[in-house]
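Let's walk through this model together, one region at a time. Have the sequence and the coordinates open as you read.

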Amino acid sequence: MTENPFFEHWTTPLGVPPFDRIRPEHFPPAFDRGMKAEIAEIAAIAGATTAASFDDTIEALERSGRLLERVSRVFFNLNASNTNDALEAIARDYAPRLAQHRMRIALDPDLFARIADLHARRASLRLEPDQLRLVERYYLRFVRNGALLDLEQKERMEAISERLASLHTLFGQNVLHDERDWQLVLDEADLDGLPEFARSAAAQAAAERGISGRYAVTLARSAVEPFLTFSSRRDLRRAVWEARRARGARGGSSDNISLIREIVALRAEQARLLGYETFADYRLADTMAKTGEAVQQLLLQVWQPAKDKARRELAALEATAHAEGLNEPIEPWDWRYYAEKVRQAEYDLNEAEVKPYFVLDNLVQAAFDTAGRLFGLKFTERRDLPVYHADVRAWEVSDEAGGHVGLFLHDNFARPGKQSGAWSSRYRDQENLDEAVTPIVVNNNNFARRDVSDGEPTLLSFDEAKTLFHEFGHGLHTLLSRVRYRSQSGTAVRRDFVEFPSQMFEHWMSVPETLRRYARHYRTGEPLPEELLDRLLAARNFNQGFATVEYTASALIDLDLHRTKATEALDPARFEQDFLERMEVPKEIGLRHRLPHFQHLFAGGGYAAGYYSYLWAEVLDADGFAAFTEAGDAFDPDLAARLRAIYSAGDTRDPMELYCAFRGREPTITALLQQRGLAPTRPD
Ligand SMILES: [Zn+2]
């Protein structure tokens, strides 16, 4: 039996996990030992007989659970980025056990007594501001987990958390299996309308699945979007659209409908135990928005203008479709296809013309250089580090003075065994309690990989380039963190504030300075022609009615679902149908995520009653970037320095205070409405 790497001190460069030595069988014993060690540490903290002090309680908690955190970080990152049957089985096995473990600590009465005592005396403890906030957050976290409940209620809370952890895991696995199971295999003759990049991506996807000489469309968003946009085969567009829409709702063993019902009922029950009327009330009490009313008000402020704009967009699509001989109504599988035609006609812009200028590697460099100009960071590739898949590239990050800042892992390509979508995560958080600990960040994307040997590098769409910058913004939030305590590090902020640093960073992808320098034709190296740049920027608001309706409808149904009181009788399919009718969601658009595959809500609890967060943060990022526009310089050094303070603060301060310190005032919604072309004063 080989040694278990989790039980050793890692001597790898920069402390990167020794991926080359970690095997699935190492996780169960490491989880077991990690839980046991943490329980012993907690018992020592909770069992102390002296009066509680900040040092022997809060700081001791910050120091506890290190082994479990180390194994959990590696496990859950690998399970998301590069899973297999063995890891999935461990996830099913350990998700409820880990939930039980966390609840055991969260509901420990002796531990809570010490935290509550400190909390009551916090004003007289002579704490620094970050320490004071840490005590308040610990107290609130324990109360929100049920520390004030009686024994019977606590047992119920524990049982529910455990069950929810299993249900979340199953939900995500079901979606992944439905995506893995399905592919549309095509011949050359079926590719009408598809540009070169989509054809070769489909050829590559087929080759990866062992189907040579043919083409495969998969359910990855990076495969579906171009197919729906360009394929002139209406029957095939429909097949792809319906398959993507059916994920998690195909009946049989991977069906998610019954899981949703149980998840929603259990969440509502937990909220009631904690004294809230609904899960949304409970969840939103600890956010920047604070109430469901505030969230609904924001969503409804954009809902009607978005539908109005979508109606005008639909009229243009119908005219084009009619002119092309379609005598039936526009269906959801037609929208992207005809929108692309309208876009070409109105802005003389087609995606296939733009894409050759968006080379993945150049845009990665653009993101790095933007972080350099704004925040003084430098990225140097390290080829000597172990990685968990050949796709992953590792970059050492340093500051102006050459000091080590952290490690950035980039995992950009779609492949079987990788969750769909894009996300940023961490293998290690920044902290500075006993010693300076630097972060290890990973950014995951699902771009369709190109094999460079056939001459064409991986090219991105404009939206994919924005996604790259978005996740990199989360990465910077982690890398620039300068806090003392691990639990306040980087992205450990309120859910509706965490998208601000990421969405803010997206703006620098589309500033003319970035596009002029980094958008270069992959073959000729020529920069994006000025007139094409003008058309590209002019078209930015195009189809925003569609995009806003699609997103806002999903945010509204999330809020509605989690504000439901009568959860026992919930029929998710019926609920979705009623919602679509009641809100008059345009049937040509529908929901961005249907409930049976709405992973934000059900593959974990993080974004439940929280999908609105992206729009909430967009109020901030639109208003925030307007400061740079008003200054007349997208790289204004004073503003950049003030912005950096937000990226560095983690959860050491209240988010609204942080924002106001940067902007000099509270945010307004005006810039958001303009950004999406929804402002009432703006005819279009
Ligand atoms: Zn994000």
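Predicted model: local features only at pLDDT ≥ 70, side-chain atom pairs only at ≥ 80, totals over all residues.

Residues are numbered from 1 along each chain as its sequence is written, and side-chain values use heavy atoms, leaving out hydrogens and water.

What coordinates the zinc ion? Its donors are H470 (NE2), H474 (NE2) and E499 (OE), at 2.1 Å; donors here are N, O and S atoms within 2.8 Å of the metal (3.2 Å for Na, K and Ca), and water is not among the atoms, so sites may look incomplete. Along the sequence, the spacing of these donor residues reads H-x3-H-x24-E. Both H470 and H474 belong to helix 17 (residues 462–479), where they sit 4 residues apart, about one turn of the helix. Helices are DSSP runs of H or I with at least four residues, numbered from the N terminus. An α-helix has 3.6 residues a turn, so residues three or four places apart point the same way.

The largest nonpolar core has 143 residues, and F358, F379, L476, W508, F602 and L643 touch the most other members. Such a core is a set of buried Ala, Val, Leu, Ile, Met, Phe, Trp, Tyr and Cys residues joined through side-chain atoms within 4.5 Å. Leaving aside residues up to four places away in sequence, L476 touches A371, F375, L377, F505 and Y647 (contact means heavy atoms within 4.5 Å). Apart from this core lies another, of 29 residues, including Y94 and L98.

Y94 brings us to helix 4 (residues 85–106), which has a kink of about 35 degrees at Y94, shortly before the proline P96. The bend is the angle between axes fitted to the seven residues ending at a residue and the seven starting there.

Phi of K290 is near 75 degrees, and that of A609 is near 55 degrees, a positive value in a residue other than glycine. Most residues other than glycine have a negative phi. K290 lies between helix 12 (279–285) and helix 13 (292–323), and is partly exposed because its relative accessible area is 48%. A609 lies between helix 23 (599–602) and helix 24 (613–631), and counts as buried because its relative accessibility is 1%.

How values were computed: Helix = DSSP H or I, 4+ residues; strand = E, 2+ residues; numbered from the N terminus. Buried < 20%, exposed > 50% of the residue type's maximum accessible area, 1.4 Å probe, protein only.
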